[in-house]
Amino acid sequence: MTLLEARSVSYSYIPQQTVLSNVSLTVPDRSVIYLLGHNGCGKTTLLEILSGIRPPQAGTVRLNGHDLYHIPSARRAQRVGLVPQMHLPVFAYTVRDVVMMGRTPHLRLFGTPGTHDRAIVDAAIEQVGLAALCNRPYTELSGGERQLTLIARGLAQQTEVLLLDEPAAHLDPRNQHRVLETVSQLAGQNVSFVISSHNPNSALLYAHHVVVMKAGRIVADGRPAEVLTESVLSAAYEMPVEVIYSEKNAARAIMPRRANGG
Amino acid sequence: MRALSRRLPGARVWIHSERRQAALYLLILLLPLPVAVYCIGLGRYAISPEEVVRALLDFALGRHDASAGPDIAYNLVTRVRLPRIAAAMLIGANLAVTGATFQGIFRNPLVDSNILGVTSGAGFGAALMLLLVGDALEVQVSSFFFGLIAVMLAYFVSRLYHSAPLLVLTLVGILIGSFFSSLTSLLKYVADPLDTLPAITYWLMGGLTDVTLDDIPALAAISLLGMVVLWGVRWRLNVLSMGDNEALALGLNPARLKLLIIVCSTLMTAMAVSVGGVIGWVGLVIPHAARTLVGPDHQRLIPATMALGAVFLLLIDTMSRTLLPAEVPLGVFTGVVGVPLLLVILRVNRTGWR
């Protein structure tokens, strides 16, 4: 069943410089969708539009058939969450404080988090393996730890759709695996994910559906095996790309090809 | 706190338990009460804390027996010192908490409520009335009114520019503040150097000498109303301080929320300036001190800032009326004490913001 749907969405920050043009995307329930594409191809803007914080200049976004931009903001944020790329806040909140912010859409107007929220937050922190750091200031963490904190905040928000903007960019292989395994597990329990990434190999492993973008347009869209081919990826990244098959593991890997054949 | 414990190894053990942090927080919240009782007793005519408490209880419960003859301690406590001390605490709490909220919503630890020109506007309003009329009530009303005008000008002028709303608002606020400062200079230039000029200059340096019991109800009403609202949004201030996009993604309406907070803080600042004149540094120093002690979470920071602001200005005001034979303007002492204090805090609290 379709959960979130963008239809013919366009956006530009400066007139005549289109960032997204006529993009359509369907997010079914219990799915993991990967957005691939070169730097500046519009992945982050598309995620922001899908999250309800950046109204598209043309086209519509619908959540369960309702216009996303007509849903009251707190109700919307209870259902759609956005995990932004890592950033540095001004004040030294602890990891738990930052993750607790994910509970904001569930609080009343002048409310503050209670015992129930604390339990959810502790579980989310546990899920990304940050329990030992939960009282440390967020500003003193490494890039990867900050990223895990924001992912935990997204999990604590308990939405039906979670949009992750390059979640694995600063993570070591073990943490990438941990986060994406959590994603797979939650996708089995009624959460859908849209993940922007620069790693086609991770899409091969975890995606149900892959969308490849180039200069603000969708150039390929389908199941990983159909989309992650040499021709599509080489065209999207404007460089030769090779797909290597390993019969032993029945696995594939995507590698850039060097000009001199190395 | 964590930074403090790193500097002072002995403090580490004490601070790290959550229960002790809670105890420290509670101590900060209760601090204004004993300090107030102590400060009321200080002055030319010293009154013991027991007598102060007795006089305050008599006053609060309305059980003072006027027929028993003149009671100097009672009259001094309730008529002379209580209004002034209440004003110092309310103004201190006001300036400190608005400083903390402005730092939060502007995501800038170096701003306070003066940033939108409210102080300069209010200063101009007061100078104008001192020049034209010279009556205390009109000075107050005019300073309140011009404080609001300055902020509204800053807000609406900044709307004319269509880029980076927060940056433009801050820039325009500084410009509007400078504009009103220039107008105040003009007033000082044309003022009578023997009569009105000293009055304007003295008022601009801040002081609570002329505060009476009649000034308290309006000040208390606006302050308490503002504090309740700012306390109400304490959790949302955390989220707002992460930036607009995140606040939006977490289901808040940052524009509307910020407007509410700015209106509230401006009313509180304008009210404080209209009663006590221009008092600098409280809004900058106290939020930093509070953050060092209770951390950046606004759930504790907001109440702690109010309590510490009240205590700080009360101590400063007590110094200004008891330290030297003649009274020293408040704005002088807040700077003399506040700046070194801020330097120490920044040294202790090296991490936290950059």
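Which residue takes a positive phi in the hairpin of E1(A) and E2(A)? That's A:Gln16, with phi near 70 degrees, and the hairpin has two residues between its strands. Before going further, a word on the ground rules: this is a predicted model, where local features need pLDDT of at least 70, side-chain atom pairs count only at pLDDT 80 or more, and totals for chains, interfaces and linings use all residues. Residues are numbered from 1 along each chain as its sequence is written, while chains are lettered from A and ligands numbered from 1 in the order in which they are written.

**Chain A overall**

- Chain A holds nine helices and twelve strands; helices (H or I, at least four residues) and strands (E, at least two) are DSSP runs, numbered from the N terminus.
- For 262 residues, a compact globule would have a radius of gyration near 18 Å, and the 19 Å of chain A agrees with that. This radius is taken over C-alpha atoms, and the globule rule is 2.2 Å times the number of residues to the power 0.38.
- The C-alpha trace of chain A spans about 60 × 40 × 35 Å along its principal axes.
- Of the 262 residues in chain A, 45% are buried. Here, buried means that 20 or more other C-beta atoms lie within 10 Å of a residue's own, exposed means 12 or fewer, and partly exposed is in between, with C-beta atoms placed from the backbone.
- Take the contacts in chain A between residues at least 6 apart in sequence: 67% of them join residues at least 24 apart. A contact needs the C-beta atoms of two residues, placed from the backbone, to lie within 7 Å.

**The four-strand sheet of chain A**

- Strands in the order E2-E1-E4-E5 (chain A) make an open sheet of four, with antiparallel pairing. Two strands pair if DSSP finds at least two bridges between them.
- E2 and strand E5 (66-67) of chain A are at the edges with a single partner strand each, so one side of each has no neighbour in the sheet.
- Helix H1 (residues 43-51) of chain A packs on this sheet and touches E1, E2 and E4 of chain A, its direction making about 125 degrees with that of E1(A). Such axes are lines fitted to C-alpha atoms, for helices over the stretch in contact, and angles run from 0 to 180 degrees between N-to-C directions.
- Eight bridges link strand E1 (residues 2-14) of chain A with strand E2 (residues 17-28) of chain A in the antiparallel sense.
- Partners across from each other include A:Thr2 with A:Pro28 in E2(A), A:Ala6 with A:Leu25 in E2(A), and A:Ile14 with A:Gln17 in E2(A).
- E1(A) also pairs with strand E4 (residues 58-63) of chain A, antiparallel over five bridges; there, A:Glu5 has A:Arg62 as its bridge partner in E4(A).

**The six-strand sheet of chain A**

- Another open sheet has six strands in the order E6-E7-E8-E3-E9-E10 (chain A), and its pairing is mixed.
- Its edge strands are strand E6 (80-83) and strand E10 (217-222) of chain A, each pairing on one side only.
- On average, neighbouring strands of this sheet are turned by 15 degrees against each other, direction ignored.
- E6(A) and strand E7 (residues 161-165) of chain A run parallel, joined by four bridges; A:Gly81 has A:Leu162 as its bridge partner in E7(A).

**Chain B overall**

- Chain B has 17 helices and zero strands.
- Its radius of gyration is 21 Å, close to the 20 Å from the globule rule for 354 residues, so chain B is as compact as a globular protein of that length.
- The C-alpha trace of chain B spans about 65 × 60 × 35 Å along its principal axes.
- Buried residues account for 49% of the 354 residues in chain B.
- Helix H3 (residues 18-30) of chain B has 13 residues and should span 18 Å at 1.5 Å a residue; its end C-alpha atoms are 19 Å apart, which agrees. The expected span is 1.5 Å times one less than the number of residues.
- H3(B) is hardly covered, with one buried residue among its 13.

**Where the chains meet**

- 24 residues of chain A are in contact with 25 residues of chain B.
- Helix H2 (residues 73-79) of chain A gives the most to the side of chain A that touches chain B, namely five residues.
- That side of chain A divides into 15 nonpolar, six polar and three charged residues. Ala, Val, Leu, Ile, Met, Phe, Trp, Tyr, Cys and Pro count as nonpolar, Asp, Glu, Lys and Arg as charged, and the others, Gly among them, as polar.
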